[in-house]
Amino acid sequence: MRVPAGHRAAHMNVENYRNVIIGSGEGGKYLAWHLAQSGQQTVVVERRWVGGSCPNVNCLPSKNEIWSAKVADLVHHATRFGTTLGSASTDMAAVRKRKREMVEGLIATHLDRYKATGAELVMGEAKFTDSKTLEVRLNDGGTRTLAGERIFLNLGTHASIPSVPGLAESGPLTNIDVLELDRLPEHLIVFGGGYVGLEFAQAYRRFGSRVTILERGPHLLANEDPDVAAALLQIFASDGIDVIAPSEIVSVHGRSGTGVNLIVRTSSGEKTISGSDILVATGRVPNTAGIGLEIAGVKLDQKGYVKVNDRLQTTTPNIWAIGECAGSPQFTHISLDDFRVIRDNLAGINRTTRDRMVPSCLFTDPQVAHIGLSETEASRQGIAVRVLKLPMAAVLRTRTIDESCGFMKALIEADGDRILGFTMIGPEAGEVMAVVQMAMLAELPYTALRDAILTHPTMAEGLNSLFSSLKQTNAGAASLRGPTGSRNVRAL
């Protein structure tokens with residue numbers, strides 16, 4: 001809907017709003033819907049993705065294709081479960097069609113929500129002309145000038161392409177491009193051992209591609225403990241994925257999609273790796289350039305992220321930033337929480353981004369989930385902890401589905417019963433982690449999970465065994481830990 005003529009400043013044709021939101025990603029759209037439902041005149045300017053990257057080109061479509069890869073893997077191993085099949089292959093056009101249908105349904109749902117709440121959605125590109133005014137170049141032609149009493153930046157990020165000679169010229173795939181493939185790469189070379197790279201690497205291996213991962217750091221998942229990375233490396237090796245870490249790409253020759261040669265520096269010297277396609281997954285860059293933030297007086301940090309305080313206020317009064325562009329952890333669920341921080345502060349409720357408990361889940365198979373402190377972080381901060389570790393094979397549910405790789409690990413404070421951290425690499429790790437997260441949020445002692453009656457046979461049931469092992473501390477089964485390694489505890 002357009003703003004009634006009475007709300008426009010006729011001398012400049014400026015349309016005045018109570019709230020202007022740039023970007024329709026997770027935090028921005030929920031803020032728009034909330035403010036509009038509260039009776040405030042609210043407009044959202046979105047240049048391309050209705051609902052942001054998550055439902056269009058990131059979280060949800062990637063997990064859609066990852067599930068297709070899971071089905072392909074089950075088919076390939078069907079005889080293990082007593083089912084005999086003929087030959088099977090993946091139709092990537094059908095995989096893409098299923099993903100596209102889901103995305104179309106999500107977009108329709110978002111558009112319905114805009115209509116229901118009364119928030120206006122404008123498709124176009126916004127640029128500041130002063131601290132309260134934006135010129136919007138509309139996607140369907142023409143311009144509009146919008147002025148907001150309050151402006152919210154929900155700008156997001158985009159994939160970074162490292163400045164390696166020949167890499168940009170090779171036309172590498174990003175997370176957006178790889179989701180639109182209707183063909184199966186013969187040999188996919190993945191540059192980056194983080195979330196995006198690992199999820200797609202395993203998926204495409206299961207679809208049938210040969211896959212090589214190149215990681216600059218000493219191991220995959222740089223922010224996880226070495227034992228977690230080692231377990232995932234072993235799983236990838238069993239999938240037939242080649243991992244070279246540490247490695248550095250010196251130069252790229254050829255064209256992604258038709259054939260590329262990479263000169264790679266490794267611990268054993270330089271080598272040439274040939275493949276059909278390159279996927280770049282080495283990090284993100286904030287979408288803060290070219291929209292006139294300097295005109296609005298909004299300052300950026302050295303990496304280009306919007307400078308904000310713990311209430312997500314920028315350096316300019318009445319301008320806030322939400323989600324990844326504000327340097328918040330790059331998860332959709334954190335953008336949603338950013339919305340809640342801003343919503344509550346606007347309502348006079350003091351809420352902050354400080355000391356948030358940030359959960360994460362890598363959707364490889366098995367998943368890698370984490371909450372709270374890791375062993376590495378505890379050691380770095382000089383926090384003494386008791387470390388418990390339980391192999392997933394000790395959780396009977398894994399025997400029923402024939403997926404017993406990985407482990408659970410918990411950190412308990414050395415002089416008390418609080419749970420300080422939890423990591424799991426195993427089936428449905430994200431769901432099990434949520435159980436521990438709730439206990440941590442409620443400040444329950446570890447004994448609450450040790451003694452809880454948990455349904456048998458489920459993955460979460462393993463928490464009984466994990467936390468029961470602490471009673472064996474004096475016998476040496478669990479260990480009081482500072483900066484060095486932990487001991488495993490088995491339980492059935």
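**View 1. Strand β20 (residues 407-413) is covered on both of its faces.** In this predicted model, local features need pLDDT of at least 70 and side-chain atom pairs count only at pLDDT 80 or more, whereas totals for chains, interfaces and linings use all residues. Residues are numbered from 1 along each chain as its sequence is written, and side-chain values use heavy atoms, with hydrogens and water left out. F407, K409, L411 and E413 lie on one side of β20, M408, A410 and I412 on the other, and all are buried (under 20% relative accessible area, 1.4 Å probe, protein chains only; exposed is over 50%, partly exposed in between). Because seven of its seven residues are buried, β20 is largely enclosed by the rest of the structure. Strands are DSSP runs of E of at least two residues, helices runs of H or I of at least four, numbered from the N terminus.

**View 2. Strand β20 is paired with β19 and β21.** Pairing requires at least two DSSP bridges between two strands. Strand β19 (residues 385-391) runs antiparallel to β20 and is joined to it by seven bridges; P391 has F407 as its bridge partner. Six bridges link β20 to the antiparallel strand β21 (residues 419-426), where I419 is the partner of I412. A hairpin is formed by β20 and β21, with five residues between them.

**View 3. The structure contains zero disulfides.** A disulfide is a pair of cysteine sulfur atoms within 2.5 Å. The closest cysteine sulfur to that of C59 belongs to C54, at 3.3 Å, too far for a bond. C59 is partly exposed, at 23% relative accessibility.
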